[in-house]
Amino acid sequence: MEVFFHKLSQPLGALATGLELASMSDDPAQHRAAIDKGLAQVERLLWLFNITRTFFAEDFTHGSELFALKECLDAVIADCSPLAESKNVRLQLDIRDNPSVFANRQHLQHALENILNVCFRSTNPGETLTIKAECSRQIRIQIPCGRMFSPDERDSAFHPFPPGVEVKPGQAANLDLALSRRIVQSFSGEVTIVQGPAQNCLFQVTLPIPLA
């Protein structure tokens, strides 16, 4: 939460400073420049407020229901197929069981699609991206990512505002992954990165098995 308020304070500070300096000038050109820069800061501020509201004010569990995991994963693949085709990537599903999940279906799909879209960036044309799902003591969904695994990825990949990376409208960096983790955590699950069989990053989504 602290990092979001820190990010909100940046455009607020820049806006206040710019307007204060303009108020001490009699030059109309400086006034116009201050207003133009102020509008840009307001746009960024509204974007950050909307993101913060989504992360911390939206109840992702509202409307939760019991549904088959395969139905959700089939919908995820259908939604992401146009992007996969544009990148010449084949999508497939390997599901060993078909457990039921208790969650908000729309939000869970959104979380999984965010992860899948990140994985597309490091999947080469002509490759097949396989989503695997199984159920033992918990439900586990694995989505492979082509980039090499590093222990630092476990936390840094989910930092919403990575140090040294500009985050702005249309350039959200890790925000989508951070949101996916928050959504899944609201269903008492977790999103982590583990090392895959080819020393690649493997996104792992775990969810509890609903009580009978």
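Me: A crossing of two helices is left-handed if the near helix is turned anticlockwise from the far one by less than a right angle, and right-handed if clockwise. Which hand has the crossing of helix 3 and helix 4?

Reply: The crossing of helix 3 and helix 4 is right-handed. Before going on, note that this is a predicted model, in which local features need pLDDT of at least 70 and side-chain atom pairs count only at pLDDT 80 or more, while totals for chains, interfaces and linings use all residues. Residues are numbered from 1 along each chain as its sequence is written, and side-chain values use heavy atoms, with hydrogens and water left out.

Me: What counts as a helix or a strand, and how many of each does the chain have?

Reply: Helices are DSSP runs of H or I with at least four residues, strands are runs of E with at least two, and both are numbered from the N terminus. The chain has six helices and seven strands. In sequence order, their pattern is α-α-β-α-β-β-α-β-β-α-α-β-β. The C-alpha trace spans about 70 × 40 × 30 Å along its principal axes.

Me: How are two packed helices described?

Reply: By the angle between their axes and the distance between the axes. Here an axis is a line fitted to C-alpha atoms, for helices over the stretch in contact, and the angle runs from 0 to 180 degrees between N-to-C directions. Angles under 35 degrees count as roughly parallel, over 145 as roughly antiparallel, 65 to 115 as roughly perpendicular, and the rest as oblique. For helix 3 (residues 69–86) and helix 4 (residues 105–120), the axes come within 9 Å and cross at roughly 40°. Helix 3 and helix 4 are therefore oblique to each other.

Me: At what angle do the axes of helix 1 and helix 2 cross?

Reply: Helix 1 (residues 2–23) and helix 2 (residues 28–57) have axes that cross at roughly 165° and come within 9 Å. Helix 1 is therefore roughly antiparallel to helix 2. Their crossing is left-handed. The contact of helix 1 with helix 2 holds 16 nonpolar residues, six polar and one charged. In this count Ala, Val, Leu, Ile, Met, Phe, Trp, Tyr, Cys and Pro are nonpolar, Asp, Glu, Lys and Arg are charged, and the others, Gly among them, are polar.

Me: What is the expected span of a helix?

Reply: It is 1.5 Å times one less than the number of residues. Helix 1, with 22 residues, reaches 31 Å from its first C-alpha to its last, close to the expected 32 Å. The 16 residues of helix 4 should span 22 Å, and its end C-alpha atoms are 22 Å apart, which agrees.

Me: What does buried mean, and which residues of helix 1 are buried?

Reply: Buried means under 20% relative accessible area, exposed means over 50%, and partly exposed lies in between (1.4 Å probe, protein chains only). In helix 1 the buried residues are F4, K7, L8, P11, L15 and A22. An α-helix has 3.6 residues a turn, so residues three or four places apart point the same way. The buried residues of helix 1 fall within an arc of 100° when seen down its axis, so they line one face of the helix. That arc is taken from the directions from the helix axis to the C-beta atoms. On the other side of helix 1, E2, L21 and S23 are exposed.

Me: How many residues of helix 4 are buried?

Reply: Helix 4 is mostly covered, with 12 of its 16 residues buried. Among them are H107, L112, E113 and F120. For the chain of 212 residues, 40% count as buried.

Me: How far apart in space are V76 and E113?

Reply: Sequence separation and spatial separation are given as two values, and V76 and E113 are 37 residues apart in sequence and 6.1 Å apart in space, C-alpha to C-alpha. V76 is found in helix 3 and is buried, at 1% relative accessibility. V101, in strand 3 (residues 100–103), is buried with a relative accessible area of 1%.

Me: Where does Q199 lie, and what is its phi?

Reply: Q199 lies in the loop between strand 6 (190–195) and strand 7 (200–207). Its phi is near 60°, a positive value in a residue other than glycine. Q199 is partly exposed, with a relative accessible area of 41%. N88, in the loop between helix 3 and strand 2 (90–95), also has a positive phi, near 55°.
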